[in-house]
Amino acid sequence: MKRSLVIIAILISAMVEIHAQTIPVNKQFGKVSKEELGLSVYEPDTSAVALVLYENQDICIDFDENYDFYLTTKKHIRLKILKEEGLDRADFELIHLVAGKLRETIRGIEVVTYNLKDGRIEENRMPKSAVYDEDYIDDYKKVTFSAVNVKVGSVIEVKYEVSSNIYWDIDEVYFQKNIPVNCSECEIRIPKMFTFNKRVHGYHKVDYESDSSTSVISLRAGSMPYEIQIDKFHVSDLPAFKKAVEEINKKANNSEAIFGVHEDTNRVTIKIVDKKTKEVIKEFPPDKTLDMIARVWEMAGLMVDERR
């Protein structure tokens, strides 16, 4: 049976392009270099308190042992602490849904802090007992954890996996953050029996590659091959949101950019406004889209409550 999956938005938000030299990194977890640890300032933005050296998101819809669909999101992020004000980047908070049969499970959390000591790389691994999972609000829970022995100059590396039977609900993908991003990648693999829409927003160049592959699901009566759509995205040298807004305002004559947060979805927004009339010329992402997402979330919450 053909099912239809509509991703309301995969938002890859990036605002301006700056000329910078991407810092080379080994993308394998645990392969942090002395050059990364020796970095003391990010030249394209010397005010940056921290830097995303590398981020990877791997999103996949697959089958489980009961032949049901499930969604898996694997995340790997490597951060550089540049100033005292960036030390709070060592604290992490993940929200996940647990509502009856609808649930998201977070597993495989690994956190390592790297420091240079006497010219050698010192590793400090966060103990598993330092991960806390507690009730949050309504049907949501919150997982919190912190990297250990973090100081200015440290590199923090985190990876974890989110498994969900809410396979039709793929989160928006934001490449740009409130600190600069050196390099970020995302790969999405979805069986072609699903249909979905992709929407990319922003000014910064996003490298995109499309591919496909074939897999097989084993059934009691035999096996069934199916095709997989693969979408790969890559960006580098992204300025922080605040820096991007400053750059836009420098270049603009009759307009200005305003940085904000949408109240109902807590999503970062940037609006291009006419300086004289204060009319909104463009907005990223559009308020209408965020309002629609908020309404969908509200309806989903109501439906879960009614099922109980």
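In which strand is Lys74 found?

A: Lys74 is found in strand 2. Strands (DSSP runs of E, at least two residues) and helices (H or I, at least four) are numbered from the N terminus. This is a predicted model: local features need pLDDT of at least 70, side-chain atom pairs count only at pLDDT 80 or more, and totals for chains, interfaces and linings use all residues. Residues are numbered from 1 along each chain as its sequence is written, and side-chain values use heavy atoms, without hydrogens or water.

Start with Lys74 itself. Its relative accessibility is 43%, so Lys74 counts as partly exposed. That label sits between buried (under 20% relative accessible area) and exposed (over 50%), with a 1.4 Å probe and protein chains only. Now look at what Lys74 touches. Leave aside the neighbours within four places in sequence. Lys74 is then in contact (heavy atoms within 4.5 Å) with Asn56, Gln57, Asp58, Tyr160 and Glu161. Gly108 is 34 residues away from Lys74 along the chain, yet their C-alpha atoms are separated by 9.5 Å.

Strand 2 covers residues 69–81 and pairs with strand 8 in the antiparallel sense, over ten bridges. Two strands pair if DSSP finds at least two bridges between them. Within this pairing, Lys80 stands opposite Val155 of strand 8.

Strand 8 has another partner. Strand 4, residues 102–117, also pairs with strand 8 in the antiparallel sense, here over nine bridges. Glu110 has Lys159 in strand 8 as its bridge partner. Strand 8 runs over residues 155–164, and eight of its ten residues are buried, so strand 8 is largely enclosed by the rest of the structure.

Go back to strand 2 for Arg78. The side chain of Arg78 meets that of Glu36 in a salt bridge, 3.1 Å from N to O. A salt bridge is a side-chain nitrogen of Lys or Arg within 4 Å of a carboxyl oxygen of Asp or Glu. Arg78 lies in strand 2 and Glu36 in helix 1 (residues 34–38), so this pair ties together parts that are 42 residues apart in sequence. Both Arg78 and Glu36 are buried. A network of salt bridges links Glu36, Arg78 and Glu157.

Strand 4 brings in Glu110 again. Glu110 forms a salt bridge with Arg125, and their closest N and O atoms are 3.1 Å apart. This pair links distant parts of the chain, with Arg125 in strand 5 (residues 120–125) and Glu110 in strand 4, 15 residues apart. Glu110 has 29% relative accessibility, so Glu110 counts as partly exposed.

Lys117 and Glu122 also meet through their side chains in a salt bridge, 3.9 Å from N to O. Lys117 is partly exposed, because its relative accessible area is 49%. Glu122 is partly exposed too, because its relative accessibility is 25%. The count for the structure comes to 13 salt bridges.

Now step back to the whole chain. The chain has three helices and 14 strands. Of its 308 residues, 44% are buried. Take the contacts with a separation of 6 or more: residues 24 or more positions apart account for 72% of them.
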